[in-house]
Amino acid sequence: MTDPDEARRAELVALVHADYDATRSMIDGVVRTSIALRAVGLTLTLALLGYALAHSSFAVGLLGLASTWAFLYLDAFHGWLYDEARRRARAVEQLLRLRYQQLERGDEDPDAGLDLDRALAAHRFGQYLALPRFRWRFLRQARPRAVYLLFYGSLTSLAIATAVYGALT
Amino acid sequence: MPLADDPAILRRPIGFAVGVNREEEIDPDKHRERLPGLLRFVRTFAGELLEKEFGTRIAGYPEAARRKTHDTRVRLRDEGAASVRAPLLTVLIDLMDVEIEHQEASPENDPEEQEDFHDAILTFIQRLLDRFAEYAADTDHLPNVAKEADRGSREFAKAAARLAR
């Protein structure tokens with residue numbers, strides 16, 4: 001006969017798997033969008049800055065700066081989404097690890113079943129329900145930080161230099 | 001050669017717990033920051049325990065030690081000699097996992113991860129003391145250590161309750 005507690009655990013773990021799949025899909029989507037955003041942002045900004053340099057245009061130089069910051073905002077928004085999803089993926093993997101340990105260790109770990117039950121009880125189902133409403137300050141959580149600093153920092157410097165050059169000539 | 005019946009082996013976690021319990025007013029944040037230091041105790045303790053009681057010598061820590069501890073656990077299981085030994089080994093593996101993940105993650109930059117890290121240390125050290133007390137009581141050559149581990153479990157449980165947020 002099937003143990004009712006074990007059957008209940010198995011069903012809950014199946015739901016956690018569904019949560020994990022949703023989180024993984026979100027990470028895939030966010031990473032793909034970020035890469036696309038950077039490619040479009042770089043192309044557009046360099047085109048604007050190239051035009052500004054060629055025509056000594058202060059206004060188009062400023063437009064290049066605005067474009068850099070607009071793409072920085074969009075990219076950092078996705079970076080924040082990535083960070084949220086990454087945390088959730090870690091939490092769900094911790095839970096799945098407890099299931100793995102409970103099955104693998106059996107009676108060798110008297111706390112394995114209890115640990116799993118506690119984690120299942122505390123789990124908040126739903127990747128998108130768990131996502132907090134966006135706030136500006138969340139942009140600071142965008143990862144990897146070095147990429148933002150290097151990529152958008154260089155573009156910003158280039159845009160400022162181009163705008164100044166346009167203004168002076 | 002088996003482990004010496006010297007309670008000094010448990011000095012570090014018990015000293016930590018007794019110190020917390022003696023304070024009338026405690027600052028949980030300050031004490032929780034000291035928790036990662038207990039992982040150094042685990043490193044020494046695991047090395048001595050595995051070598052002297054289980055005949056497993058560990059060199060690299062935590063990855064290599066985790067593999068060897070796991071192998072020892074499987075060997076005991078195959079020999080049908082798991083009993084109170086296996087739970088002790090599983091908690092050591094859990095503590096090694098905590099250390100491995102601490103190397104990879106950056107809890108100092110992330111308050112949530114830091115709290116999870118500290119909670120895991122509290123839980124697993126408590127479990128280690130409990131299971132070690134059971135193990136020591138089950139053998140006949142560690143009566144003093146068993147008594148001290150038992151006292152340590154109680155002190156640590158009190159300290160963990162005081163540090164809980």
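Predicted model: local features only at pLDDT ≥ 70, side-chain atom pairs only at ≥ 80, totals over all residues.
Visitor: At what angle do the axes of H6(B) and H7(B) cross?
Guide: Residues are numbered from 1 along each chain as its sequence is written, with chains lettered from A and ligands numbered from 1 in the order written. The helices (DSSP runs of H or I, at least four residues, numbered from the N terminus) have axes (lines fitted to C-alpha atoms over the stretch in contact, with angles from 0 to 180 degrees between N-to-C directions). Those of H6(B) and H7(B) come within 8 Å, crossing at roughly 160°.

Visitor: Is H6(B) roughly parallel or antiparallel to H7(B)?
Guide: The crossing is left-handed (the near helix is turned anticlockwise from the far one by less than a right angle). Angles under 35 degrees count as roughly parallel and over 145 as roughly antiparallel. That makes H6(B), relative to H7(B), roughly antiparallel.

Visitor: How many nonpolar residues are in the contact of H6(B) with H7(B)?
Guide: Residues making this contact (C-beta atoms, placed from the backbone, within 7 Å) include B:Phe132 and B:Ala136 of H6(B) and B:Ala149 and B:Phe156 of H7(B). Class by class (Asp, Glu, Lys and Arg are charged; Ala, Val, Leu, Ile, Met, Phe, Trp, Tyr, Cys and Pro nonpolar; the others polar), there are 3 polar and 2 charged residues, and the nonpolar count is 14.

Visitor: At what angle do H1(A) and H4(A) cross?
Guide: Their crossing is left-handed, and these two helices are roughly parallel. Residues in the contact include A:Leu49 of H1(A) and A:Leu155 of H4(A). The axes come within 9 Å, and the angle is roughly 15°.

Visitor: How many charged residues does chain A have on the side that touches chain B?
Guide: At this interface, 5 residues of chain A are in contact with 6 residues of chain B. On chain A's side, 1 is nonpolar, none is polar, and the charged ones number 4.

How values were computed
Contact = placed C-beta atoms within 7 Å. Parallel < 35°, antiparallel > 145°, perpendicular 65-115°, else oblique.
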